[in-house]
Amino acid sequence: MSTPSPEQLLAIEPEELERVAATVARLLPPSLGPFFPARSLHSHFLFDEFVFRLALRVFVDMRLAEVVNAWSTVDEVVARRGLEPRGSVVPVDWLLRHLAARGVLAREGALSQPGFRA
């Protein structure tokens with residue numbers, strides 16, 4: 001499933017949002033369905049795109065692509081970039097996993113200690 005562009009997200013027809021909301025409702029317990037109307041799903045899509053673009057900007061600004069030009073674990077990325085491990089491992093881990101989930105980075109290895117590559 002490809003990720004729609006922001007322009008596509010803004011232009012989603014109400015019928016399409018209703019279709020997505022109906023699909024989501026089938027996956028949830030009946031008591032939770034009313035909490036995920038089409039309008040909130042549209043907001044979710046837009047917010048997800050916003051977070052992705054912020055994550056990508058942080059990745060670029062930190063020059064992490066230079067560090068993940070070869071397979072690297074989070075600890076290796078933190079060390080190569082010269083970051084303080086205690087405050088950096090968790091956010092760098094989230095950042096790399098997020099970008100890998102969106103297809104920006106490749107990911108391999110165990111869930112607990114994956115490797116990433118640009």
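Author: Let us begin with Ser72, which is found in the loop between helix H3 (38–61) and helix H4 (74–81). Helices (H or I, at least four residues) and strands (E, at least two) are DSSP runs, numbered from the N terminus. This is a predicted model, in which local features need pLDDT of at least 70, side-chain atom pairs count only at pLDDT 80 or more, and totals for chains, interfaces and linings use all residues. Residues are numbered from 1 along each chain as its sequence is written, and side-chain values use heavy atoms, with hydrogens and water left out.

Reader: Is Ser72 buried or exposed?

Author: Buried means under 20% relative accessible area, exposed over 50%, and partly exposed in between (1.4 Å probe, protein chains only). Ser72 has a relative accessible area of 1%, so this residue is buried. Thr73, found in the loop between H3 and H4, is also buried, at 16%. Phe36, by contrast, lies in the loop between helix H2 (14–27) and H3 and counts as partly exposed because its relative accessibility is 35%.

Reader: With which side chain does the side chain of Ser72 make a polar contact?

Author: A polar contact is a pair of N or O atoms within 3.5 Å; within protein, one must be able to donate a hydrogen and the other to accept it, and residues adjacent in sequence count only if both atoms are side-chain atoms. The partner is the side chain of Arg80, at 2.5 Å. A polar atom of the Ser72 side chain also lies 3.3 Å from the backbone oxygen of Val67.

Reader: Which residues is Thr73 in contact with, leaving aside its neighbours within four places in sequence?

Author: Contact means heavy atoms within 4.5 Å. On that basis, Thr73 touches Gln113, Pro114 and Gly115. The contacts of Ser72, counted with the same exclusion of neighbours, include Pro114, Gly115 and Phe116.

Reader: How far apart are the end C-alpha atoms of helix H5?

Author: The expected span of a helix is 1.5 Å times one less than its number of residues. The 17 residues of H5 (residues 85–101) should therefore span 24 Å, and the end C-alpha atoms are 23 Å apart, which agrees. At its N-terminal end, Glu84 caps H5, with a side-chain oxygen 2.8 Å from the backbone nitrogen of Arg86. Just after H5, Gly103 takes a positive phi of about 90°.

Reader: Against which elements do the buried residues of H5 pack?

Author: The buried residues of H5 include Val92, Leu95, Leu96 and Leu99. The buried residues pack against H3, H4, strand E1 (106–108) and strand E2 (115–117).
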